Amino acid sequence: MKDARTVEPDVELIASLMAAGGADLKKCMQCSNCTCVCSLSTPEDDFPRRQILHAQWGLKDRLLTDVSPWLCHYCGDCTEHCPRQANPGEAMMALRRYLTGQYDWTGLSLLMYRSEAWAIGVLLAVSLVVVLLFTVPANFGFGLLSQAGPAARATVMLDKFAPKEIVHIGDTLLASLLGVLLLTNAARMFRIATRDTHIPLGVYLRHLPGFVVQGVTQKRWRECDAGDSFKNWLRHLILVTGYATIFLLVVVFLPWFQVQDHSFHWNSLLGYYASAALLGASAWMIGDRMAQSGEMHRFSQPSDWMFPGLLFVTALTGVLLNVCRLLDQAMPTYVLYVVHLAVAVPMLVVEVPFGKWAHLLYRPLAIYIAAVKKSALQTQ
Amino acid sequence: MSAKLGVYLCTGCTIGESIDAAKLAKVAGSECHAAVCRTHEALCGDEGRKLIAADLAAGTVDTVVVAACSPRFKPEEFNFNHGTVVERVNLREHVAWCHKPQDEDTQMLAEDYLRMGVARALKTEAPKPLEAEVSKSVLVVGGGVTGITAAIEAAEAGYDVFLVEKDDHLGGRAAQLYKADGIQASVAAVLHHPRIQVFTAAQIGKIEGQPGMFDVTLDAAGGPQTVRAGAIVVATGWAPYDASRLAHLGYGSSPKVVTSVEFEQMAAKGAIQAKRVLFVQCAGSRDADHLPYCSSTCCMTTLAQTAYVHEADPEAEAYVIYKDMRTPGQYERVYRETQAHPLNFFTKGEVASVSPGADGRLAVTVNHTLLGETIVLHVDLVVLATGMVPNGMDQILNLTYRQGPELPVLQDGFPDSHFVCFPYETRRTGIYAAGAARAPMDGNQARQDAAGAAMKAIQSVELAARGRAVAPRAGDLSYPSFFLQRCTQCKRCTEECPFGALDEDAKGTPKPNLYRCRRCGICMGACPERIVSFHNYSVEMIASMIKAIEVPEEDEEKPRVLALLCENDAYPALDLAGIERRQYDPSVRVIPLRCLGSLNIVWIADALSRGIDGVILVGCKYGDDYQCHFTKGSELAQKRLENVKETLGRLQLEPERLQLTQLAINEWDKVPALFDDFVNRMRELGPNPYKGF
Amino acid sequence: MSANSPNPVLIIGGGIAGLTAAVELADTGVEVVLVEKSASLGGRVARLHQYFPKLCPPTCGLEMHYRRVRENAGITVLTLAEVTGVTGSAGDYEVEVRVRPRFVSEACTLCGDCERVCPAERPDEFNYGLGTTKAAYLPHGVAYPAAYAIDRAACPEGCKACEEACKYQAIRLNAQTEVRTVKASAIVAATGWKPYDAAKLEHLGFGQCRNVVTNVMLERMAAADGPTAGRILRPSDGKEPRTVAFVQCAGSRDENHLPYCSAVCCTASLKHAAYIRALYPETAITIFYIDVRTPGRLEEFGAKVQHDADVRMVKGKVARVEENPATGDLLVTAEDVLANRKSTEHFELVVLATGIVPETEGLPAALKPDECGFAGKNGSPGIYAAGCVCRPAEVSATVQDATGTALKALQCANRSVSHVR
């Protein structure tokens, strides 16, 4: 047994968890039905019973170093069977929201979780910046278009509206910024979560391939034997591949991907896949959330709606944009281009480093951290 | 006494196929001198009963022996007018259904049973009830929630009540609660009830007498006063466990460690000033070094008190350290609701120490918590959820009983009772314990318990008024009479009566108090001079039944075993063995006893001197978990048997010829092996050398 | 209504609560009509093997009660009877009682000939469906009233074998349902409880895994007159189990099932552990619990049982029970919360400690149920509830409650004749 430790509950932490979805977590009587019905909870990485206890007691230190909220895929079995109706699944969700805020060094994440006004304000602000980018400068967007003369208004000539060289620079800058934010947050997550364990370098290396495989395949969903696990895995897989594709297309291969005219190009095919994937997966998620199908969707917070909602609108505007382009509707194409980016950019800015998107990185990372911690403990 | 004996043999239910009824009728006629002997194939039917009724009406018969099924069946069918002695001989369950049909041994068994039944019938008189002037008032001792409720409930049923309280006001511990639940209204109701006379600041000087006629001397402010009551409800309540014995929990060393009772008073005074309050459950309870039992109420008390913490300061935190949260029944919902408060913290754990900590706080160290390690909590106040100690059976009643002034205690200071089936029965007839004096319970339960005890008190006076016994032989009209001229003042009866019914005069002669008597016959069994007998149950009666057993000569190689059975449990078990058609050795002759404690050792001497090879006693389980309806019967029988065994040696008899077996009513499946093994052992020992003397 | 004797008190339910109320009232001198819906008295306790904490047989106390009922002319027992309507007011109720035919009269001698010739079988309700009885059946060995009954629903068309076999003309297969009106001064409803339907606990395997039984079934197995003659055997192969797991709170303390604690199951499982250990000294017991609830002096009993090294207590609720089809063994998933270790263990027999559900069928409308479904104690002056229909309780507490409620009825009866001493 470890030495006696002074326990100082963080009352504010409890209040914030209860506000962020864990409203019923205090009702838990520690029967551990949740941990036992969960097919992802293992003897080594057990949850959610223990995490809920820590949340009930406001034990910040223990919660911070614990990555298991990310190991939960929220199948909802625990909540469905909780004898206390303490809603453990949603308590884990609340913990993820809390942890996302804790990993984020800018503090924006926390602000946005705590306040809807902040979240919407940031989104609108970024949207506005995008719109302004297309409307204010003389040599870009509508300014450029007005210089290009009537031809560019009669037929689609994206070069005359949003030259891909410029967009590519913007893309890259944005990607770099978000990447830096996300990675620094991820690094913080790493540091926070591993600070209670000494992990040798070899262990890190040994588990690296698993990290990559999980990140790409989302295979952990398949380990979950809850009723909807296949569905959940499938749409996460679709989402991740769609994302990866569009990311690569937009950030790396934009000059090749962004076609300038209204003709069909083979290089758009991947874009079509990505659009379909993102559109389908987000619509599916929104539909389930609206129908409250399954435990996972019974309790939705604004932040839960925001991500799939924005994703859907992004994909939809992307598709519409492409349709207009193929129909050679020049002005609608340009307008939709702006709308598309006015949705996509804020979504990425807000969700990638600060919001729900982050879990696409945090989860594989958490699985990795859990694995290396376990290994490290075993080697010790 | 020349009884006109009628013997009626039933041949139904395969009795007729099993034994030769004609031969049995011959025994009735030639040996038993029956005036009438009739055989019918269904005596319990209309036709059969008419046969008997006609003989009774004609006056040719006044004593009836029905040889048919077990007396546990068809009692109404064979109940003729009052005053007619009807004796039942169990030819069905104990003969036909459990022994080989058309067999010599079976026939001998049936004949013996008939002889024994006739012997019993001839020694039976119809009992006449006791008659005396009986008070139907109820004395309630204790003016807390239980006593108040008992008083009101009894008064509302139409009985006069005397309520005695040692303090100068009513209400007890309930009145000291911060949020007392209607206790003041109940106090007012008691004070204004026309049937209730309240004595506050009063104690009981002494109680003399017996149910229906307790003379109670009260030491009250105005000097001693005597009232007569018929029954007594003891509602003396509880006291918190002495927290000064809980030094390891810091009590006494810091004013910031209080008991839940003290915390309640702090709440009432608005004196709770603490940001953090920690509740220690089972403070003294569930602890081999303190109270081994669970005090049942402390978990609920603590849940209520966490609300006082938040009421005093909405930002204050409440910690509850429990062994197991115990909120049975609908109380579970209270637990869940209390848990939901964001500033309530619960964990299983064991408080190892409470010591001064930083900033003038207390550092509480808790082992084995759900948090997986030993934790230290710094708190402003520690509340010990101390347990309930029954307010004892000490200098309360001051009974002038030979066996002592108070209710006998079984364990942990609670009054002795058969606490599963008959929770109110104590070992003092007409005196019933209620509320926390009887078992740990909360106010709600205490109210219901008070009503139950009041019911029992009323019942006991009503039964006394009709000259009848109370439980377990409720309604019995028989009672013991003592032929005191032959008494040798050995005091065995006065010592052994489990109910303290017998007092003594200065010389040690018993002074029976028949209204205290439960009619078990333990005094009858205890008496070496055989001076105690009932109208329908006596030493002589059983002795004559033993004498009625025909003991075959040694060379016939037919052993005989006498089985004395408790009629409450062992006898029905034997019936069940018969109903299940279990077969066993036909050498056993069964005589039921009211209680094995009524065993008089003279019967053993009678049996052995008549050449019976062995005597087996079958009675209820004894010890801490006793099942004896009279608490001590089978245990006393065992003691007497041990004494007899010592003397057997002098008579050149093996002690193995005597055995007492404890058998529960549902262990009927063990009956065949029990009897077969015993008979076989007798065969191994060889015949009783006294055969033929 | 005569000036001196009140109407009888009508008691609904012949289990331990109803029987206690009946006997206590009758001993006090009040007439009682006891209405029982099944063919014999004793209710749930008659189906128990032993009471805790003394490990003593219920039949011991029941035998005493039956003796009082037999001998006290003030008690009228109506079996196979149900209350179908109540009119009137305190002191002077008119109660409509529907009495279904037993098809066997008081002339029955228990000879058993009807049972021997009966060709039809029916599920043995008394043994919770473990085994069958004939359609002509004796409810159980110490049944009161001591008479056979015939389950006509199970009889083959036109069969009269029993009627013809009965030597005592006790069988009347054409008997009809009777509706009686009973005058009553007060009504005590002691309709009791039923075990929670274990099939609703889908994760715990009852009905799917052969060797998952309920606590009430175990009681019948342990009884000498039960379906296995007192031996505890696995239903799948009749083997004596060497490892037994008890799953506490099977339905109780669960907002999705029973939101209250059934109060008796902890001590009951400890009792089961005690008698299984006595029966099979080589069998190891594991009890999975949330909180061990052995209130009052039951604590000492519980502590004694837990002192046995082969009775293991695991704090943690069982979430899943699955069967190994090859062996019939059971895989039980639970977390030992104190050790923070989730595991799946093998057991040869699993006993679900199913909870108490109030039996509200036949409860007078005046007794409104609380949020947990239990009857309120006092419906109107004159109609009272007693026993487990009010709250889950062990026998002693039920007897206590019934005795107190009997006084309420006595008050009502006495008031109705202004019989004041």
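Modeller: Helices (H or I, at least four residues) and strands (E, at least two) are DSSP runs, numbered from the N terminus. By that rule, chain A has 20 helices and one strand. This is a predicted model, where local features need pLDDT of at least 70 and side-chain atom pairs count only at pLDDT 80 or more, while totals for chains, interfaces and linings use all residues. Residues are numbered from 1 along each chain as its sequence is written, and chains are lettered from A and ligands numbered from 1 in the order in which they are written.

Biologist: Why does A:Glu116 count as partly exposed?

Modeller: A residue is buried if 20 or more other C-beta atoms lie within 10 Å of its own, exposed if 12 or fewer, and partly exposed in between; C-beta atoms are placed from the backbone. A:Glu116, found in helix α9 (residues 116-135) of chain A, has 13 C-beta neighbours inside 10 Å, so A:Glu116 counts as partly exposed. Of the 380 residues of chain A, 46% count as buried.

Biologist: Which residues of helix α10 of chain B are buried, and why are they said to be on the same side?

Modeller: In α10 (residues 332-339) of chain B, the buried residues are B:Glu332, B:Tyr335, B:Arg336, B:Thr338 and B:Gln339. The arc is that of the directions from the helix axis to the C-beta atoms. These residues cover an arc of only 165° around the axis, which puts them on the same side of α10(B).

Biologist: What covers them?

Modeller: The cover includes α9 (298-312) and β16 (344-348) of chain B. Two residues are in contact if their C-beta atoms, placed from the backbone, lie within 7 Å.

Biologist: How many residues does each chain bring to the contact between chains B and C?

Modeller: Chain B brings 67 residues and chain C brings 68 residues. On the side of chain B that touches chain C, α11(B) gives the most, with eleven residues.
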